[in-house]
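Please examine the model displayed below before reading on.

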Protein chains: 2
Amino acid sequence: MIRLFIAEDQRMLLGALGSLLDMEDDMKVIGQATNGEEAVAAILKLQPDVCLMDIEMPALNGLEVAEVLVQRSIPSKIIILTTFARPGYFERAVKLGVHGYLLKDGEIDELTDTIRKVMAGKRVFSPDLTFDIIREVNPLTPKEQEILRLAALGKTTKEITSELYLSSGTIRNYISEIIHKLGAKNRTEAASIAEKKGWI
Amino acid sequence: MIRLFIAEDQRMLLGALGSLLDMEDDMKVIGQATNGEEAVAAILKLQPDVCLMDIEMPALNGLEVAEVLVQRSIPSKIIILTTFARPGYFERAVKLGVHGYLLKDGEIDELTDTIRKVMAGKRVFSPDLTFDIIREVNPLTPKEQEILRLAALGKTTKEITSELYLSSGTIRNYISEIIHKLGAKNRTEAASIAEKKGWI
DNA sequence: ATCTCAAGATGACAAAAGTCATCATTTCCC
DNA sequence: GGGAAATGATGACTTTTGTCATCTTGAGAT
């Protein structure tokens, strides 16, 4: 019997998946959470065989939860289940060594298959991802990401200046470089591109 | 027996809801779609009792599908099921006269309850929405929304000019007015605010 | 000890963006 | 028909942005 844990902030999907997976003869859902902190606490206690993990959740996101579990060498296997085919997410997940990465866009059968394969020691990644996307590495440095995140909210150069303690010229140099890297024509387009790719 | 139709672009949720609702003794799922155009075609043909409709879908969004159904006086009842508590969406849905509006953040029981109540002629709106949010009306005119949508992608004044056939001075006047209405300090912040509220 | 590289800073310039007052048309409403 | 909106346009002016070449400083590496 595969003991499952599900972390997913969208309650309706959490409930629906929980009920359906519980009906599989070889699976049992032993716990659920709707945010990252609860997930960590529960997983440490319950030691499930497999954790299904959404990425975008309150408190701690799914990748952060995975990081904690990896650091503590928890033996539970992790399957990331997310809406977004964002290269940045996938890249991070692979680096963390998760056992599976699926899109919510797939069928349920795909999910049950993946759970069984992962239990058998395999790694499963959604075929939608493994082709061109994996190569698209985030070209922005952490500092550039931070600056672009602020710029995306509409903050001016001067405001960014006083948040990061850098001169306004330096901020403008950074933004100029960001625009260049992303092939954008101004900071707003740069933000729009980076958001779509999951790079900020 | 309540004949259901589900339109939802996230296949995993679509499949899960479909299976679960089909297990209810008094309900039967007679059709599904993963985009707005398919949904319209199928609903016109099948004439279901109740349509569950996501908002953010490819081709036509859920509100646009609802609009078509209302225009053609299709008797099927419509329940909007969405992730986002965006005032703009809720406002439009209510104006269209939909029969229910639920968040995906709720429990499944809430959904089955709602379906039965709607069949009994009631209207059901998620309590999370009906308080303050409903009052927050989109202050932007359709033209302003269109311009801000383009600006949010990082298009320059000149580019917007040639898409909308307006002079560049006029575009700048519009953007100036948008910034004022939203209490922003530049077009990027205006876009960020409007996106969060679901106004563009 | 020197070489190199990354992180920041400066200044000068051109191009966009934003603000405002004012004006021309059209449309709609009594 | 006359007045009031709504829609669009101009021009003049100030800030912000974006670009680029150049400079400083402090690590690391050898």
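**Helix packing and DNA contacts**

H1(B) and H5(B) are therefore oblique to each other, a term for angles that are not under 35 degrees (roughly parallel), over 145 (roughly antiparallel) or 65 to 115 (roughly perpendicular). The axes of helix H1 (residues 11-23) of chain B and helix H5 (residues 108-119) of chain B cross at roughly 60° and come within 12 Å. Axes here are lines fitted to C-alpha atoms, for helices over the stretch in contact, with angles running from 0 to 180 degrees between N-to-C directions. The crossing of this pair, H1(B) and H5(B), is right-handed: a crossing has that hand if the near helix is turned clockwise from the far one by less than a right angle, and is left-handed if anticlockwise. Helices (H or I, at least four residues) and strands (E, at least two) are DSSP runs, numbered from the N terminus.

The model is predicted; local features need pLDDT of at least 70 and side-chain atom pairs count only at pLDDT 80 or more, whereas totals for chains, interfaces and linings use all residues. Residues are numbered from 1 along each chain as its sequence is written, chains are lettered from A and ligands numbered from 1 in the order in which they are written, and side-chain values use heavy atoms, with hydrogens and water left out.

In chain A, the axes of helix H8 (residues 142-152) and H10(A) come within 10 Å and cross at roughly 95°. That angle makes H8(A) roughly perpendicular to H10(A). From H8(A), Lys143(A), Glu144(A), Ile147(A), Leu148(A) and Ala151(A) take part in the contact (heavy atoms within 4.5 Å). Their partners in H10(A) include Ile171(A), Tyr174(A), Ile175(A) and Ile178(A). By class, the contact of H8(A) with H10(A) has eight nonpolar, no polar and four charged residues. In this classification, Ala, Val, Leu, Ile, Met, Phe, Trp, Tyr, Cys and Pro count as nonpolar, Asp, Glu, Lys and Arg as charged, and the others, Gly among them, as polar.

H10(A) also belongs to the surface near DNA strand D, to which it gives the most, with five residues. A residue is near a strand if one of its heavy atoms lies within 4 Å of it. In total, 16 residues surround DNA strand D, and the closest are Arg172(A), Ser176(A), Arg187(A), Thr170(B) and Tyr174(B). By class, this surface has four nonpolar, nine polar and three charged residues. Of the atoms of DNA strand D within 4 Å of the protein, 56% belong to sugar or phosphate and the rest to bases.

Asn173(B), by contrast, has a side-chain N or O atom 3.0 Å from a base oxygen of DNA strand D.

DNA strand C likewise has 16 residues around it, of which Ser167(A), Thr170(A), Tyr174(A), Arg172(B) and Arg187(B) come nearest. H10(A) gives the most to this surface, with five residues. By class, the surface near DNA strand C has three nonpolar, nine polar and four charged residues. The side chain of Ser176(B) has an N or O atom 2.8 Å from a phosphate oxygen of DNA strand C.

Key
Polar contact = N/O pair within 3.5 Å; in protein donor to acceptor, adjacent residues only side chain to side chain.
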